[in-house]
Amino acid sequence: MTDDSWLEVSSGSPFPVENLPYGVFSPPGRAVPRVGAAAGAPVLDLGGLLDNPVFARPSLNAFMARGREFWRATRGRLLDLLTGPAHRDRVTRHLVPLTDVTLSLPIEVADYVDFYSSLHHAENLGRMFRPGAEPLTPNWRHLPLAYHGRAGTVVVSGTPVVRPCGQRKDPDVPTPLFGPSTRLDFEAEVGFVVGVGSTLGRRVGAAEFGDHVFGVVLVNDWSARDIQSWEYVPLGPFLGKSFATSVSPWVVPMEALDGARVPAPEQSPAALPYLRNGEDWGLDLRLEVVLNGEVVSRPRFADMYWTPAQQLAHMTVNGAALRTGDLFASGTVSGPTSDQYGSLIELSDNGTEPLHLADGSARSFLQDGDTVAITATAPGLGGRPIGLGQVVGAIRPAAVNASR
Ligand code: CA
């Protein structure tokens, strides 16, 4: 179907017509952001093209809240407009070059939850944070572990990340110190965006995933390992994570990823029945982590132990309600080998084996001025790969007077 599009998209573009991710952009000279779709290199201005006020808003939330049938109808309408030659002139008037626009945070984030669903990442971190103990906690294989993050500090790709200050406790010093983090890290993750909320008290089963989850973004869960390791017992991550979480500007709709579904890895022991509702698929998303222009890791999302549908079922099994704009991230995507680790703490073996970069420098953790970009591709429905775009962030020095 989409081979017939009149829109010329260069080969290798992450956004062929069968992708059509949604975002929020400001056209040149227009201060109020509005909804668009990435179609090749240009942005398709949906606020101008489609006669519906949900697309004239500065976030995707009103659009997402309309539900699955509306998402399907909108996507179908756009594909129709981009393939029918008769529509060409009308649609072309609403194409804006991507280089001319400013992209905003695509969703108004309601609640933010971060899971911990890679077996390899959990084992690696367990060995580092609890040396000598079993790397996996006794609950890990029975439920998708998670913590609630800070929705208000989720930022769009390109937002600078200021090195956070906080408490750390070095093992050979009796009392904690205060100052800029010395162990700043990235975490390459995949995030799922909730479009349709749920009623308080009602479980959302794994089989209802498609009715609630709108799409996918890339996430960098910036992490200050020194702050995290001192504060996380017994209540989990707090200030070591909440200073910034970056997301990609384009939300890839779940429908565009139908061709990327793969069987999830086998789980042992079998999960409880509420986590086994037939939605046992993963996604063949191939991530790349680029540090200062150099690829340092290629994690594969298909390796994740807990699936997005299981995460959704678990998140609501106690009756907690979903809201439009909820973001739940997968946890760091790490594979079994060191070229697939999704964080620097793993790539540098807890800082003991610095990562050597092509420019001759070495990294145990991130330095001021470093730039981290995470990208991903997936098999598309048209036979061409599709992309999730990228999430980028550069590290800025800690604020002045950071040591007190
Ligand atoms: Ca994380």
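Colleague: Is Glu-189 buried or exposed?

Modeller: Buried: in this predicted model Glu-189 has 0% relative accessibility.

Colleague: And what does the calcium ion have for protein donors?

Modeller: Glu-189 is one of them, through OE, alongside Asp-114 (OD), Glu-187 (OE) and Asp-221 (OD). They lie 2.2 to 2.3 Å from the ion.

Colleague: How are those donor residues spaced in sequence?

Modeller: The pattern is D-x72-E-x1-E-x31-D. Asp-114 sits in strand β6 (residues 112–115) and Glu-189 in strand β13 (residues 188–194), so that pair ties together parts 75 residues apart in sequence.

Colleague: Is Asp-114 buried or exposed?

Modeller: Asp-114 is buried, with 1% relative accessible area.

Colleague: OK, switching to domains. Where are the bounds?

Modeller: Domain 1 covers 22–104 and domain 2 covers 112–396.

Colleague: What area do domain 1 and domain 2 bury between them?

Modeller: About 1,500 Å², with 70% of it on carbon and sulfur atoms.

Colleague: How many salt bridges are there between domain 1 and domain 2?

Modeller: The count is 1.

Colleague: Which side chain does Arg-68 meet in a salt bridge?

Modeller: That of Asp-211, at 3.1 Å from N to O.

Colleague: Now the open sheet of 5 strands. What's the order?

Modeller: The order runs β9-β26-β25-β20-β21, and the pairing is mixed. At the edges are β9 (161–162) and β21 (294–297), each pairing on one side only.

Colleague: In which sense do β25 and β26 pair, parallel or antiparallel?

Modeller: Antiparallel, over 8 bridges, with β25 spanning residues 371–379 and β26 spanning residues 385–396. Thr-371 stands opposite Ala-394 in β26.

Colleague: What about phi at Asn-292?

Modeller: Phi is positive there, about 50°, although Asn-292 is not a glycine. Asn-292 is in the loop between β20 (286–291) and β21, and counts as partly exposed at 34% relative accessibility.

Colleague: And where's Asn-350?

Modeller: In the loop between α9 (344–347) and β23 (355–356). Asn-350 has a positive phi of about 60°, again without being a glycine, and is partly exposed, with a relative accessible area of 24%.

Notes. Residues numbered from 1 in each chain as written. Predicted model: local features only at pLDDT ≥ 70, side-chain atom pairs only at ≥ 80, totals over all residues. Heavy atoms only, no water. Pairing = 2+ DSSP bridges. Helix = DSSP H or I, 4+ residues; strand = E, 2+ residues; numbered from the N terminus. Donors = N, O, S within 2.8 Å, 3.2 Å for Na, K, Ca; no water. Buried < 20%, exposed > 50% of the residue type's maximum accessible area, 1.4 Å probe, protein only. Domains from an automatic or database assignment. Buried area = accessible area lost by both parts, 1.4 Å probe. Salt bridge = Lys/Arg side-chain N within 4 Å of Asp/Glu carboxyl O.
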